[in-house]
Amino acid sequence: GWGRLQQLPDGEKIQDYHGRLVAAAPELLEMAHRFKDYLEQDGTLCDCGHSECRSMQLLKLIGKVEGV
(Lines give C-alpha, C1' and ligand atoms only; values in the text may rest on other atoms or scores of the structure.)
Protein backbone atom coordinates (compact mmCIF):
# COMPACT_ATOMS: atom_id res chain seq x y z
CA GLY A 1 0.00 0.00 0.00
CA TRP A 2 0.88 3.66 -0.05
CA GLY A 3 1.70 3.60 3.67
CA ARG A 4 5.15 2.15 3.03
CA LEU A 5 7.96 3.29 0.78
CA GLN A 6 7.43 1.97 -2.71
CA GLN A 7 9.80 1.79 -5.62
CA LEU A 8 9.42 1.89 -9.34
CA PRO A 9 10.69 -1.13 -11.31
CA ASP A 10 14.10 0.50 -11.75
CA GLY A 11 14.42 0.97 -7.98
CA GLU A 12 13.64 4.68 -7.96
CA LYS A 13 11.60 5.79 -4.97
CA ILE A 14 8.08 6.84 -5.88
CA GLN A 15 8.31 9.86 -3.57
CA ASP A 16 11.36 11.09 -5.52
CA TYR A 17 9.52 10.61 -8.82
CA HIS A 18 6.42 12.43 -7.55
CA GLY A 19 8.56 15.25 -6.18
CA ARG A 20 10.17 15.85 -9.57
CA LEU A 21 6.79 15.65 -11.28
CA VAL A 22 5.31 18.24 -8.91
CA ALA A 23 8.34 20.48 -9.39
CA ALA A 24 7.95 20.30 -13.18
CA ALA A 25 4.16 20.75 -13.16
CA PRO A 26 4.12 24.55 -13.69
CA GLU A 27 6.42 24.24 -16.71
CA LEU A 28 4.39 21.35 -18.12
CA LEU A 29 1.17 23.36 -17.76
CA GLU A 30 2.79 26.40 -19.39
CA MET A 31 3.92 24.25 -22.33
CA ALA A 32 0.42 22.75 -22.64
CA HIS A 33 -1.01 26.30 -22.85
CA ARG A 34 1.62 27.35 -25.38
CA PHE A 35 0.89 24.30 -27.52
CA LYS A 36 -2.86 25.01 -27.32
CA ASP A 37 -2.20 28.63 -28.36
CA TYR A 38 -0.09 27.42 -31.27
CA LEU A 39 -2.84 25.07 -32.43
CA GLU A 40 -5.40 27.88 -32.16
CA GLN A 41 -3.24 30.25 -34.21
CA ASP A 42 -2.56 27.50 -36.73
CA GLY A 43 -6.27 26.77 -37.00
CA THR A 44 -5.81 23.12 -36.05
CA LEU A 45 -7.21 23.12 -32.51
CA CYS A 46 -10.30 20.95 -32.61
CA ASP A 47 -13.29 21.02 -30.27
CA CYS A 48 -15.09 18.01 -31.74
CA GLY A 49 -15.79 16.43 -28.35
CA HIS A 50 -14.41 13.01 -29.28
CA SER A 51 -12.46 11.51 -26.36
CA GLU A 52 -9.78 10.08 -28.65
CA CYS A 53 -9.09 13.47 -30.30
CA ARG A 54 -5.68 14.80 -29.23
CA SER A 55 -6.93 18.39 -29.12
CA MET A 56 -9.73 17.34 -26.78
CA GLN A 57 -7.27 15.38 -24.64
CA LEU A 58 -5.06 18.49 -24.38
CA LEU A 59 -8.01 20.68 -23.38
CA LYS A 60 -9.19 18.08 -20.85
CA LEU A 61 -5.70 17.88 -19.35
CA ILE A 62 -5.46 21.66 -18.97
CA GLY A 63 -8.91 21.72 -17.42
CA LYS A 64 -8.03 18.94 -15.01
CA VAL A 65 -4.90 20.72 -13.82
CA GLU A 66 -6.73 24.04 -13.49
CA GLY A 67 -9.75 22.50 -11.78
CA VAL A 68 -12.17 23.44 -14.55
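Visitor: Let's start at lysine 36: which side chain meets it in a salt bridge at 3.8 Å, N to O?
Guide: Side chains of opposite charge can pair when their charged atoms come close. A salt bridge here means a side-chain nitrogen of Lys or Arg within 4 Å of a carboxyl oxygen of Asp or Glu. At 3.8 Å, N to O, lysine 36 makes one with aspartate 37.

Visitor: Before we go on, what pLDDT do local features need in this model?
Guide: Residues are numbered from 1 along each chain as its sequence is written, and side-chain values use heavy atoms, with hydrogens and water left out. This is a predicted model, where totals for chains, interfaces and linings use all residues, side-chain atom pairs count only at pLDDT 80 or more, and local features need pLDDT of at least 70.

Visitor: Back to the charges: which residues are linked in a network of salt bridges?
Guide: The search of the whole structure turns up 2 salt bridges. Besides aspartate 37, lysine 36 also meets glutamate 40, at 3.5 Å, N to O. Lysine 36 and glutamate 40 sit 4 residues apart in helix α1, about one turn of the helix. The linked residues are Lys36, Asp37 and Glu40.

Visitor: Leaving aside neighbours within four places in sequence, which residues is lysine 36 in contact with?
Guide: Contact means heavy atoms within 4.5 Å. Lysine 36 itself lies in helix α1. Past those sequence neighbours, its contacts are Leu45, Leu58, Leu59 and Ile62.

Visitor: How many helices and strands does the chain have?
Guide: Both are DSSP runs numbered from the N terminus: helices are H or I with at least four residues, strands are E with at least two. Helix α1 covers residues 14-42, and helix α2 covers residues 54-66. The tally for the chain is 2 helices and 0 strands.

Visitor: What share of the chain's accessible surface belongs to carbon and sulfur atoms?
Guide: Accessible areas come from the Shrake-Rupley method with a 1.4 Å probe, and for residues only the protein chains shown count as cover. Of the 68 residues, 13% count as buried. The surface comes to about 5,700 Å², and the carbon and sulfur share is 56%.

Visitor: Which residues make the nonpolar surface patch of about 290 Å²?
Guide: Patch residues have over 30% relative accessible area and no salt bridge; like charges are joined within 9 Å, and nonpolar side chains (Val, Leu, Ile, Met, Phe, Trp, Tyr) within 5 Å. Leucine 21 lies in helix α1 and is partly exposed at 42%. The patch is made by Tyr17, Leu21 and Leu28.

Visitor: What is the angle between the planes of phenylalanine 35 and tyrosine 38?
Guide: Rings of Phe, Tyr and Trp (its six-membered ring) pair if their centres lie within 6.5 Å; planes under 30 degrees apart are stacked, over 60 edge-to-face, and the rest tilted. That rule gives 1 aromatic pair. Phenylalanine 35 and tyrosine 38 are stacked, with 6.5 Å centre to centre and an angle of 15°.

Visitor: How far is glutamine 57 from aspartate 47 in space, C-alpha to C-alpha?
Guide: Glutamine 57, in helix α2, is partly exposed at 41%. Leaving aside neighbours within four places in sequence, glutamine 57 is in contact with Ser51 and Glu52. Glutamine 57 and aspartate 47 are 10 residues apart in sequence, and their C-alpha to C-alpha distance is 10.0 Å.

Conventions: Buried means under 20% relative accessible area, exposed over 50%, partly exposed in between (1.4 Å probe, protein chains only).
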